[in-house]
Amino acid sequence: MSQEIEKKVFRGRIKVPYKHTAGAYVEKFITEIGKNNKIFGVKCPKCKKVYVPPKMICFECFEKMEEWVEIGNQGIVKGFTVITHSTPVMPLEPPFAYGIIRLDGADTDFVHIIKESDPEKLKIGMKVKAVFKEKPRKRILDIEYFEPIQ
Amino acid sequence: MTEIGKVAIVGVAQTKYEEDKIDQTYSELVFEVVKKLHNDLGITNDDVGCVITSSNDFNDGRTIANMAIQDAVGSVRKAESRVSGDGAFAFMYGAMRILSESFDTVMVVSHCKCSEVSQYLVNNTIFDPYYQRHLGLDQISSAGLMANMYMNKYGVTEEQAAMVVVKNRKNALNNPYAHLREEISINDVLNSKMMAYPLKELDFPPFSDGAVAMLLAKEDVAKKMTDTPIWFKGYGNCTDAYYLGNRNMTDLIGLELAAKEAYRMAGVNNPRENLDVCEVSESFSVHELMIYEALGLCDKGEGGKFIESGETEMNGSTPVNPSGGVLSSNPTMANGLIRVAEIALQLQGKADKRQVPNAKTGLAYGMNGICSQGNCVLIFGGEN
């Protein structure tokens with residue numbers, strides 16, 4: 001950047017570490033993925049809807065959900081995009097896809113990465129399956145990505 | 001209590017929106033519009049009862065960032081409060097200070113200098129730190145997902161989406177405050193770089209710097225301050241589910257509910273007939289088509305055909321975004337208050353080259369978060 005511009009700005013960076021309290025729902029979900037390569041949801045006692053990823057409250061019924069249900073590691077793509085812009089917080093080098101995925105046994109949609117860079121090879125309605133990370137890091141990325149089932 | 005319909009906008013001021021206003025701090029941008037408004041109305045800071053601002057701490061790089069602009073809004077030792085979010089919500093907060101009879105006049109201000117920090121990184125922090133943030137999601141990828149699902153469900157084409165960009169950019173030629181003032185073609189949009197399939201670079205807005213201010217007043221004070229007070233007629237607000245997978249990504253349910261509430265309050269029975277002009281916060285081309293449907297300007301799934309009909313063009317029955325919209329100027333946090341300011345100018349008959357003839361009733365739509373998560377619909381009328 002030119003010296004002329006540098007004279008006009010103060011450069012800064014906010015670095016503030018957090019320890020976000022996971023809560024029982026996030027903890028179990030992420031632990032099961034990392035340790036056992038299993039995906040769990042929770043079921044609403046009233047409407048019986050299975051939420052994946054799990055959370056405490058069914059916002060439709062305003063009920064606390066406590067029944068854990070194992071669901072499939074495969075699902076149907078309900079929507080996708082392939083991005084080409086790059087930011088420092090992206091887990092993969094673009095281009096790659098994001099998907100809105102309805103996992104087998106779930107009643108809500110799951111947002112994750114699909115490892116496919118060609119939009120022509122992605123279709124709404126296609127099946128994808130989870131690929132688990134070999135060395136889990138206690139992250140949603142312990143499902144490393146989803147990949148199309150050929 | 002003061003009734004709705006007895007609160008008026010008496011004047012508005014805007015900066016020009018630009019890519020990088022490197023010679024002005026955001027406080028100086030705010031001072032520019034507040035001082036201009038004082039001068040235009042012939043008032044001093046003593047005539048301002050209360051100040052409501054809208055901004056975002058992540059964009060301004062400090063917490064309680066409203067303290068950075070307290071000199072510029074004249075709020076030292078004065079009632080001041082801030083909405084951490086879109087400026088349309090600040091308008092509502094300001095109007096409530098008058099409706100509750102706490103103050104006779106309220107200054108509402110919103111600013112943003114997108115140039116000071118990566119908007120992709122700021123937007124990534126909108127997402128929860130457990131399930132979404134580490135995926136690297138931002139406003140661009142979310143928009144791509146929404147556009148893909150909506151277009152697939154209703155058979156809306158990329159050409160129809162591009163028509164929104166062409167319309168808004170053409171309108172911006174008539175707006176001296178607009179950031180991007182260059183006419184473009186459908187092919188320019190279609191041939192621009194793929195950014196988040198099916199959306200291309202020109203389906204997205206630029207990032208802009210700028211500020212907007214307006215003075216609100218109760219009825220008798222407003223009538224003394226201006227011959228053209230613009231009356232606040234209706235308000236609706238609705239928030240949709242936070243997690244993208246819990247959202248209906250093909251219809252803007254939150255906006256639909258907010259609009260219904262605002263229409264009920266303002267007595268709008270047939271939005272297409274009753275609304276003379278709309279200014280909406282379209283975050284990407286396809287979004288505006290979805291907004292048409294949620295506002296009831298056309299039926300569900302008909303957004304693509306509706307833009308083709310030309311009804312939202314300047315010479316159509318319901319012009320949408322005569323200012324050029326967000327696709328032409330995008331100082332993010334200020335977008336909603338800019339929509340309100342532009343509607344006020346339209347109803348005052350002061351919109352110059354972008355004036356919609358005989359505009360009597362107008363709608364402003366402001367949005368918080370990603371893909372129409374938080375929705376604020378405001379209806380205004382020019383005669384009382």
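Which residues is B:V108 in contact with, leaving aside its neighbours within four places in sequence? In this predicted model, the partners of B:V108 are B:I52, B:A90, B:F91, B:G94, B:A213, B:M214, B:L216 and B:L337. B:V108 belongs to the largest nonpolar core, which holds 163 residues. Along with B:V30, B:A213, B:L216, B:A344 and B:L378, B:V108 touches the most other members of that core.

Chain B as a whole contains 15 helices and eleven strands. Its C-alpha trace spans about 55 × 45 × 35 Å along the principal axes. Of the 384 residues of chain B, 61% count as buried. Among contacts in chain B with a separation of 6 or more, 77% are between residues 24 or more positions apart.

The contact between the two chains draws 35 residues from chain A and 32 residues from chain B. On the side of chain B that touches chain A, at least two residues each come from α5 (119-124), α6 (139-154) and β5 (194-196). The element giving the most to this side is α6(B), with seven residues. By residue class, the side of chain B that touches chain A comprises 18 nonpolar, eleven polar and three charged residues.

Note on methods
Residues numbered from 1 in each chain as written. Chains lettered and ligands numbered in written order. Predicted model: local features only at pLDDT ≥ 70, side-chain atom pairs only at ≥ 80, totals over all residues. Core = buried A, V, L, I, M, F, W, Y, C linked by C-beta atoms within 7 Å. Buried ≥ 20, exposed ≤ 12 C-beta atoms within 10 Å, placed from the backbone. Contact = placed C-beta atoms within 7 Å. Helix = DSSP H or I, 4+ residues; strand = E, 2+ residues; numbered from the N terminus. Nonpolar A, V, L, I, M, F, W, Y, C, P; charged D, E, K, R; others polar.
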